[in-house]
Amino acid sequence: MTTVAYFISLLGKDNVLEDPEALAIYGTDWTRRYPPNASLVLRPKTAQEVSKILAYCNEHKLSVVPSGGRTGLAGGAVALDGEIVVSVERMNQILEVNIQEMWICAQAGVPLAALQDAAKKAGLFYPMDLGSKGSCQLGGNLATNAGGLKFIRYGGMRNHVLGIEMVLADGRILDMNASLQKDNCGYDLKQLFIGSEGTLGIITQGKIRLMKKPQPYFVTLIAVDTFSHLLSVLALCRKSTHTLTAFEFFTDAAYQHVKTCFPHLGGVFSDPHPFYGLIEVEVASHTQGEHPLFRLIEEAFSCGILADAVFAENAEQFSRFWSMRENITESLARTGRVHKNDLTLPLGSLEAFMKSVSALPKGGIEVIYFGHLGDGNIHINYIGPANGDVEAFRRDVRVLEKKVFECIAHYRGSISAEHGIGCIKREDLHYSRSELEIEIMRKIKAVLDPTGILNPGKIF
Ligand code: FAD
Ligand code: MLT
Ligand code: ZN
């Protein structure tokens with residue numbers, strides 16, 4: 001029996017895709033940078049089917065790319081060398097919402113937005129939120145240890161996981177999906193697989209802690225003249241009695257791109273300012289009238305660190321302010337020539353880092369800064385000249401990026417705060433991981449995937 005015939009007998013004809021269009025779609029991700037070259041796409045429905053796929057691939061030494069919503073920004077889900085893509089999109093069942101124990105159990109292909117909705121329907125709260133929530137999936141969020149917009153308050157994927165079910169490279173199913181709040185029996189193996197970017201196994205199920213429904217959120221948008229002022233406002237927020245749920249920032253250059261793509265998001269401030277911040281707090285009891293952030297903003301003005309501020313006074317303004325921030329990725333992607341860095345630094349080094357990066361020669365490259373400032377997570381996006389030579393842009397940006405990574409290493413930051421290494425940063429792992437750490441990672445990979453079939457060329 002041929003490989004295709006075997007998979008058709010296992011999954012049915014509709015779930016074994018060979019047509020060029022499907023191979024191109026499933027072979028690529030949101031980086032949209034690598035020419036896809038997948039040999040086959042498989043769409044299993046159960047962990048048992050995933051198990052049989054991997055057992056077969058392992059025996060026949062066929063490389064596999066695990067695939068979720070393909071919103072990844074590190075080239076983790078791309079198939080470049082004739083790999084078989086295993087998409088978990090049909091594994092889209094929410095299996096249980098347990099209110100008493102406060103968790104949700106779902107198959108790996110459930111989109112993030114569906115998990116949020118299911119939690120809400122049960123009167124609880126799913127603590128992850130990403131701009132890609134409509135498309136990214138539970139398995140992808142776990143495999144990348146996604147961070148997101150409310151990390152400052154709730155943490156990332158790693159913090160919420162109660163259990164996972166995995167299929168190992170040889171097809172064995174590893175069930176680590178108990179519902180225990182406390183469990184100290186040896187190594188916490190599930191944490192090894194979280195953030196492993198499909199290189200150690202395929203995640204088929206996850207059990208995620210839910211939280212109490214939050215109190216109402218309140219948002220203000222601020223404008224400041226220097227990056228240092230943003231950090232000073234953050235320090236004021238830390239002292240506030242309100243719970244900070246987001247402290248995001250973006251430059252006016254980022255905002256200009258958003259306005260070009262989404263003109264209805266313009267006109268918030270009468271004059272442009274170099275930096276903007278989005279502050280969100282959760283407020284338990286609030287008497288009508290004064291905006292809960294009013295006092296903090298007043299204090300910031302009196303310290304001379306604010307240039308302007310606008311409160312979201314209603315639901316429309318609230319979602320408009322968030323849209324300004326969340327649409328940066330899409331707006332920059334539409335230029336068709338963006339290269340992304342996803343960095344994190346100790347908060348105390350941010351200002352010095354930004355100064356060092358500002359001083360670097362940029363040539364014709366436009367540099368855009370935004371990100372989750374409260375987490376020390378800065379996204380630097382490089383935009384190439386319009387109609388310029390793409391290859392020349394890639395070369396120039398690589399020279400600049402290496403200098404940025406040297407600064408990151410100097411301040412002991414990380415070259416990937418949340419998007420992962422994928423294939424885009426595999427040459428650069430050494431900037432943030434020691435030789436010994438990389439050696440241990442390679443040994444773990446060799447133990448769990450001795451034939452090297454799982455997502456080759458990713459991370460290492
Ligand atoms: P994919 O892109 O399909 O895959 C990502 C990696 O996980 C690949 O290496 C893949 O092989 C592996 N993988 C996928 N599914 C499985 C599985 N079941 N088992 C094993 N491995 C698997 N990320 C953030 O962290 N924070 C953000 O704020 C954020 N915002 C974003 C906003 C936009 C508009 C976009 C486009 C992306 C954003 N991202 C963000 C990046 C991306 O959405 C996340 O990395 C997300 O977790 C990827 O999920 P996915 O299902 O799309 O995974
Ligand atoms: C974000 O913070 O918007 C995401 O991480 C996506 C991106 O970096 O473009
Ligand atoms: Zn981000």
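Guide: One place to start is a charge over a ring. The charged end of K150 sits over the ring of Y217, 4.0 Å from the ring's centre. Keep in mind that this is a predicted model.

Visitor: OK. What lies over the face of W103?

Guide: That is K207, at 4.4 Å from the ring centre.

Visitor: Now ring against ring. How many aromatic pairs does the structure hold?

Guide: It holds twelve aromatic pairs. One of them joins F250 and Y276, with 5.6 Å from centre to centre and 45° between the planes, a tilted arrangement.

Visitor: Why does that pair tie together separate parts of the sequence?

Guide: F250 belongs to strand β13, residues 243-251, and Y276 to strand β14, residues 275-282, so the pair connects parts that are 26 residues apart in sequence.

Visitor: Are F250 and Y276 buried or exposed?

Guide: Both are buried.

Visitor: Which residues do ring pairs link into a cluster with those two?

Guide: Y255 and F269 join F250 and Y276 in a cluster linked by ring pairs.

Visitor: Switching to another pair. What about F405 and Y431?

Guide: Their rings form a tilted pair as well, with centres 5.4 Å apart and planes at 55°. F405 is in helix α15, residues 390-410, while Y431 is in the loop between α15 and α16 (435-448), so this pair ties together parts 26 residues apart in sequence.

Visitor: And those two, buried or exposed?

Guide: F405 and Y431 are both buried.

Methods. Residues are numbered from 1 along each chain as its sequence is written. Chains are lettered from A and ligands numbered from 1 in the order in which they are written. This is a predicted model: local features need pLDDT of at least 70, side-chain atom pairs count only at pLDDT 80 or more; totals for chains, interfaces and linings use all residues. Side-chain values use heavy atoms; hydrogens and water are left out. Rings of Phe, Tyr and Trp (its six-membered ring) pair if their centres lie within 6.5 Å; planes under 30 degrees apart count as stacked, over 60 as edge-to-face and the rest as tilted. Helices (H or I, at least four residues) and strands (E, at least two) are DSSP runs, numbered from the N terminus. Buried means under 20% relative accessible area, exposed over 50%, partly exposed in between (1.4 Å probe, protein chains only). A charge sits over a ring if NZ of Lys or CZ of Arg is within 6 Å of the ring centre and within 35 degrees of the ring normal.
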